[in-house]
Amino acid sequence: MFSLILIIVVTSFISYHGLQNLYFFDQYKFNVNAVRFKKEYIRLLSSGFLHGDFMHLILNMYVLYMFGAVVIGNFGILVFFLVYLGAIVLGNLFSLYVYKNQGGYSAIGASGGVAGIIFLSVAIDPVGSRIGIIFLPGLSIPGYIFGFLYFAYSVYNMLYPSRNDMIGHAAHLGGAVFGLTFAVVVSPLTAFYYSFYLLIMGLPLFYLFYDILIKKRRR
């Protein structure tokens with residue numbers, strides 16, 4: 001648990017510094033033009049240690065603590081770090097692909113990495129795992145239902161964004177898919193046993209792939 005606490009402390013410190021220093025914040029946030037043309041690839045990872053406000057930071061770190069403990073208990077600390085950091089990078093790479101023609105697009109936050117950890121822990125037991133709803137104490141839903149709703153919400157808001165929606169849904173999706181895919185690769189027998197429920201979770205992703213890979217080619 002020391003390593004989990006350490007990454008929460010480091011993220012909190014860097015996020016606090018970024019909120020106090022706008023130059024530092026702008027230098028390390030994810031930005032399409034900075035990554036594509038200036039080759040500032042560090043932003044693919046560093047943006048995961050920055051947050052827009054304290055509520056954003058606290059919520060991400062709380063969820064990371066809850067689900068990170070599950071992942072460490074089942075897979076160990078090395079897998080935790082691999083999935084967490086890998087999900088941040090992959091989430092930003094997916095954002096880079098989706099928003100490659102929007103040079104000013106920027107994003108910050110650990111949500112992609114947190115999503116990867118959540119979905120790795122859910123994939124261990126998508127039926128028996130229960131996901132609580134923060135603002136409704138005592139209410140929880142099966143992991144695979146949560147996964148389906150999470151993917152459906154993120155896909156819809158990514159494809160049909162609202163002007164007031166400042167959430168990086170593409171990064172969330174990329175991170176979640178990484179965590180889910182990692183679980184399937186390292187535990188194929190478990191994935192096969194729960195394949196029906198994992199398929200239900202992933203249904204919104206089929207529409208997403210259809211939209212970005214097939215529909216766009218026809219336009």
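This text walks through the structure from the whole chain down to single residues.

The model is predicted. Start with the whole fold. The chain has 11 helices and 4 strands. Its radius of gyration is 17 Å, close to the 17 Å that the globule rule gives for 219 residues, so the chain is as compact as a globular protein of that length. Along the principal axes, the C-alpha atoms fill a box of roughly 50 × 50 × 35 Å.

Now look at how the chain packs. Of its 219 residues, 46% count as buried. Take the contacts between residues at least 6 apart in sequence. Of these, 74% join residues at least 24 apart.

Next comes the surface. The accessible surface comes to about 11800 Å². Carbon and sulfur atoms account for 69% of that area. The chain also carries charge, with 13 positive and 6 negative side chains. The centres of these two sets lie 12 Å apart.

Go inside. In soluble globular proteins, nonpolar side chains tend to be buried together. Here the largest nonpolar core has 55 residues. Leu64, Tyr84, Phe119 and Leu208 have the most contacts inside this core. Which helices supply at least two residues each? They are H1 (2–20), H3, H5 (54–75), H6, H7 (111–124), H8 (143–159), H9 (169–186) and H11 (195–218). Helix H7 gives the most, with 8 residues.

Leave out residues up to four places away in sequence. Phe119 then touches Phe146, Gly147, Tyr150, Phe151, Ala176, Gly179, Leu180 and Met201. Find these on the model and follow them one by one.

Turn to Ser121, which lies in helix H7. Is Ser121 buried or exposed? Its relative accessibility is 8%, and buried means under 20%, so Ser121 counts as buried. Its contacts, again without residues up to four places away in sequence, are Phe67, Val70 and Val71.

What does Asn33 touch, not counting residues up to four places away in sequence? The answer is Lys38, Gly103 and Gly104. Compare the position of Asn33 with that of Ile124. The two are 91 residues apart in sequence. In space, they are 38 Å apart, C-alpha to C-alpha.

Now visit two loops. Gln102 is found in the loop between helix H6 (77–98) and strand S2 (106–107). With a relative accessible area of 44%, Gln102 is partly exposed. Val32 lies 70 residues away from Gln102 along the chain. Yet the C-alpha atoms of Gln102 and Val32 are separated by 7.1 Å.

The other loop holds Lys39. This loop runs between helix H3 (32–36) and helix H4 (43–46). Lys39 has a relative accessible area of 48%, so Lys39 too is partly exposed. Its backbone deserves a look. Most residues other than glycine have a negative phi. Phi of Lys39 is near 60 degrees, a positive value in a residue other than glycine.

Definitions and conventions
Residues are numbered from 1 along each chain as its sequence is written. This is a predicted model: local features need pLDDT of at least 70, side-chain atom pairs count only at pLDDT 80 or more; totals for chains, interfaces and linings use all residues. Side-chain values use heavy atoms; hydrogens and water are left out. The radius of gyration is taken over C-alpha atoms; the globule rule is 2.2 Å times the number of residues to the power 0.38. Buried means under 20% relative accessible area, exposed over 50%, partly exposed in between (1.4 Å probe, protein chains only). Contact means heavy atoms within 4.5 Å. Accessible areas come from the Shrake-Rupley method with a 1.4 Å probe; for residues, only the protein chains shown count as cover. Lys and Arg count as positive and Asp and Glu as negative; His and the chain ends are not counted. The place of a charge is taken as NZ of Lys, CZ of Arg, CG of Asp or CD of Glu. A nonpolar core is a set of buried Ala, Val, Leu, Ile, Met, Phe, Trp, Tyr and Cys residues joined through side-chain atoms within 4.5 Å.
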